Amino acid sequence: MSDGEDSAPGRLRIDKWLWYARFFKTRSLAAKTCNDGGVRLSGAVVSKAHAAVKPGDVLTFAQGRHIRVIKVLALGSRRGPAPEAQALYEDLAPPVAEERLEDPYRAPGSGRPTKRDRRAFDALRGEGE
């Protein structure tokens, strides 16, 4: 079977679809994620990259720190530009914007001491008088 053929009409390999929809930079990364069991197809864990998806299926997978829940709307025939890729799916749980993480060991606003702070420290220590 060649790469251009599908196993069944109206279906597409899951690694190809994830790559077409631009969730992964390369098809091999998509295949590796599928083979590692990192993708769920309508609730069932996918263990092979050749699993078939069809319109209406729901995919759940990790992308970075986010868990993506995607509904397949269309299969697509190529890896096109981003607007074409976004037409292939509906995002059921869009990623939430991350808040900037604060350093727990440092109080906010405490950076390098100002000249005034340094003079106050010197006065406490009895120096600089």
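These legends walk through several close-up views of one predicted protein model.

**View 1. The whole chain, element by element.** The model is predicted, so to speak, with rules attached: local features need pLDDT of at least 70, side-chain atom pairs count only at pLDDT 80 or more, and totals for chains, interfaces and linings use all residues. Residues are numbered from 1 along each chain as its sequence is written, and side-chain values use heavy atoms, with hydrogens and water left out. The protein has 4 helices and 7 strands (DSSP runs numbered from the N terminus: helices are H or I with at least four residues, strands are E with at least two). Reading from the N terminus, the order is β-α-α-β-β-β-β-β-α-β-α. Of its 129 residues, 23% are buried (buried is under 20% relative accessible area, exposed is over 50%, partly exposed is in between, with a 1.4 Å probe and protein chains only). The protein exposes about 9,100 Å², and carbon and sulfur atoms supply 52% of that (areas come from the Shrake-Rupley method with a 1.4 Å probe; for residues, only the protein chains shown count as cover).

**View 2. The open sheet.** Here 5 strands line up as β3-β2-β5-β6-β7, with antiparallel pairing (two strands pair if DSSP finds at least two bridges between them). At the edges sit β3 (44-46) and β7, each pairing on one side only. From one strand to the next, the twist averages 30 degrees (axes are lines fitted to C-alpha atoms, for helices over the stretch in contact, and angles run from 0 to 180 degrees between N-to-C directions).

**View 3. Strand β5 and its two partners.** On one side, β5 (residues 58-63) pairs antiparallel with β2 (residues 39-41) over 3 bridges. Leu 41 has Leu 59 as its bridge partner, and Val 39 stands opposite Phe 61. β5 and β6 form a hairpin with 2 residues between them, and Gly 64 in the turn has a positive phi of about 70 degrees.

**View 4. Where β6 meets β7.** These two strands run antiparallel and are joined by 3 bridges. Val 72 stands opposite Tyr 89 in β7, and Tyr 89 turns up again in the ring views below.

**View 5. Trp 17 against Tyr 89.** The structure holds 6 aromatic pairs (rings of Phe, Tyr and Trp, using the six-membered ring of Trp, pair if their centres lie within 6.5 Å; planes under 30 degrees apart are stacked, over 60 edge-to-face, the rest tilted). In this one, the ring centres of Trp 17 and Tyr 89 are 6.4 Å apart with planes at 80 degrees, so the pair is edge-to-face. The two residues are 72 apart in the chain, with Trp 17 in helix α1 (residues 14-20) and Tyr 89 in strand β7 (residues 89-91). Trp 17, at 0% relative accessibility, counts as buried; Tyr 89 does too, at 16%.

**View 6. Phe 23 and its surroundings.** Phe 23 and Tyr 89 make a tilted pair, 4.7 Å centre to centre with 50 degrees between the planes. Phe 23 lies in the loop between α1 and α2 (27-35), 66 residues from Tyr 89 in strand β7. Leaving aside neighbours within four places in sequence, Phe 23 is in contact with Trp 17, Leu 18, Phe 61, Gln 63, Arg 68, Ile 70 and Tyr 89 (contact means heavy atoms within 4.5 Å). Trp 17, Phe 23, Phe 24, Phe 61 and Tyr 89 form one aromatic cluster.

**View 7. The largest nonpolar core.** This core has 23 residues, and Trp 17, Leu 18, Phe 23 and Leu 59 have the most contacts inside it (a nonpolar core is a set of buried Ala, Val, Leu, Ile, Met, Phe, Trp, Tyr and Cys residues joined through side-chain atoms within 4.5 Å). Two or more residues each come from α1, α2, β2, β5 and β6, with the largest share, 4 residues, from α1.
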